[in-house]
Amino acid sequence: MKKTGLFLLLLATAAWAQSGADSAPSEVAQGTAPTSASFPTERVQTPTYADLYCAGFISKQILPDANFVAGGLQTPTTTKFVRGDLIYMQGTGYTAGAEYEIVRALRDVNEYETFPGQKKVLKETGQPYEEVGRIRVVDTRSRTTIAQIEYACDGVNPGDTAIPFAEKQSVSFHAPIHFDRFLPASNKLSGRVVMGKDFDSAMGTGHKLYINVGANQGVKIGDFFRAVRSYEADLRDPVDSLSFKAAIAEDTQKKTPSVDPHMFTKTNGPVIHVRDLPRRAVGEIVVISVTPTTATGMVIFSMEDVHAGDGVELDQVQ
């Protein structure tokens with residue numbers, strides 16, 4: 001029993017030591033006194049096959065759409081085709097055994113701007129595409145080529161475009177590190193999250209998003225970006241800004257503070273300027289595909305939701 005008790009004590013001591021090691025980084029940045037709240041431990045997972053091949057992308061260059069899905073074995077009673085289904089392909093250049101990727105040019109039917117100027121930014125960035133699945137040509141004897149769906153991210157629909165299939169590059173990951181939540185801005189490459197997959201406006205760990213820098217700016221698969229947000233961005237948000245307008249004072253305070261006050265909202269207390277509050281990092285993003293002007297990223301670590309409109313900055317992760 002004594003040996004068992006000693007063994008359990010050693011295990012507990014080792015666990016405590018590991019916990020202590022996670023509480024602060026080994027290299028302390030000048031001007032900081034790190035804690036587990038300001039330098040949390042970042043642990044990430046490798047993207048799955050679906051993460052890599054179903055993420056979608058934004059392309060400045062419009063893809064040719066001469067080759068497309070015309071229907072399937074159960075046409076017209078079925079319009080959504082899934083893995084294993086036989087489908088019919090219109091267009092030219094098909095050869096038996098060749099693989100194609102099915103993509104879909106997207107439009108946002110909601111048309112709601114999740115951040116001011118999003119429509120203009122998206123127009124400048126390019127055309128969003130969904131990656132729908134992968135097919136293999138099985139018969140070219142008829143005027144309409146026959147293919148079988150080998151992998152489906154979503155239902156393949158008549159009208160979807162076929163482009164030659166290309167293998168995706170795998171992504172390697174770093175060991176657990178400490179994530180500096182308040183790292184000041186640098187002169188490293190920066191850009192912006194223009195939208196999330198499926199037009200999402202808020203993304204968490206595992207979600208995909210698109211940023212407006214790409215291979216032309218030196219971005220490559222496997223690069224890491226940190227998503228950052230200023231409190232001024234919250235102030236400009238129609239929902240988040242409401243909290244700035246709420247009362248923040250305690251009833252017993254003799255001098256009540258005010259946040260960026262106007263003539264009629266200034267109080268007798270200190271003035272808080274939102275622009276002076278530190279920029280905060282909200283998450284870590286890994287690049288899983290690139291075009292010349294854009295990149296598709298996956299959120300691999302998040303302290304809070306990553307928003308469309310957030311800034312991104314190249315992160316030199318060792």
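**Figure 1. Ile272 and the nonpolar surface patch of the predicted model****.** Ile272 is partly exposed, its relative accessible area being 31%. That value lies between the limits of 20% and 50%, so the residue counts as neither buried nor exposed. Ile272 belongs to strand S15, which covers residues 271-272. Together with Ile248 and Leu277, Ile272 makes a nonpolar surface patch of about 220 Å².

**Figure 2. Phe244 in helix H5****.** Helix H5 spans residues 241-245 and contains Phe244. The relative accessible area of Phe244 is 24%, and the residue is therefore partly exposed; the cut-off for a buried residue is under 20%. Asp234 and Phe244 are 10 residues apart along the chain, and their C-alpha atoms are separated by 8.8 Å.

**Figure 3. The closed barrel of six strands****.** The barrel runs in the order S10-S12-S17-S16-S13-S19, and its pairing is antiparallel. From one strand to the next, the twist averages 45°.

**Figure 4. Strand S10 and its pairings with S12 and S19****.** Strand S10 comprises residues 190-196. Three bridges connect S10 to S19, and the two strands run antiparallel. Within this pairing, Gly191 has Val312 of S19 as its bridge partner. S10 is also joined to S12 by three bridges, again in an antiparallel arrangement. Here Met195 stands opposite Tyr210 of S12.

**Figure 5. The antiparallel pairing of S13 with S16****.** Strand S13 is formed by residues 224-229, and strand S16 by residues 280-290. Six bridges join these two antiparallel strands. Arg229 stands opposite Arg280, a residue of S16.

**Figure 6. The largest nonpolar core****.** This core has 16 residues. Those with the most contacts inside the core are Val193, Leu209, Ile211, Phe225, Ile285 and Val306. Two or more residues are contributed by each of strand S12 (208-211), S13, S16, strand S17 (295-302) and strand S19 (311-315). S16 supplies the largest share, namely three residues.

Notes: Residues numbered from 1 in each chain as written. Predicted model: local features only at pLDDT ≥ 70, side-chain atom pairs only at ≥ 80, totals over all residues. Heavy atoms only, no water. Pairing = 2+ DSSP bridges. Helix = DSSP H or I, 4+ residues; strand = E, 2+ residues; numbered from the N terminus. Axes fitted to C-alpha atoms, helices over the stretch in contact; angles between N-to-C directions. Patch = residues over 30% accessible without salt bridge, like charges linked within 9 Å, V, L, I, M, F, W, Y side chains within 5 Å. Areas by Shrake-Rupley, 256 points an atom, 1.4 Å probe, with all protein chains shown as cover. Salt bridge = Lys/Arg side-chain N within 4 Å of Asp/Glu carboxyl O. Buried < 20%, exposed > 50% of the residue type's maximum accessible area, 1.4 Å probe, protein only. Core = buried A, V, L, I, M, F, W, Y, C linked by side-chain atoms within 4.5 Å.
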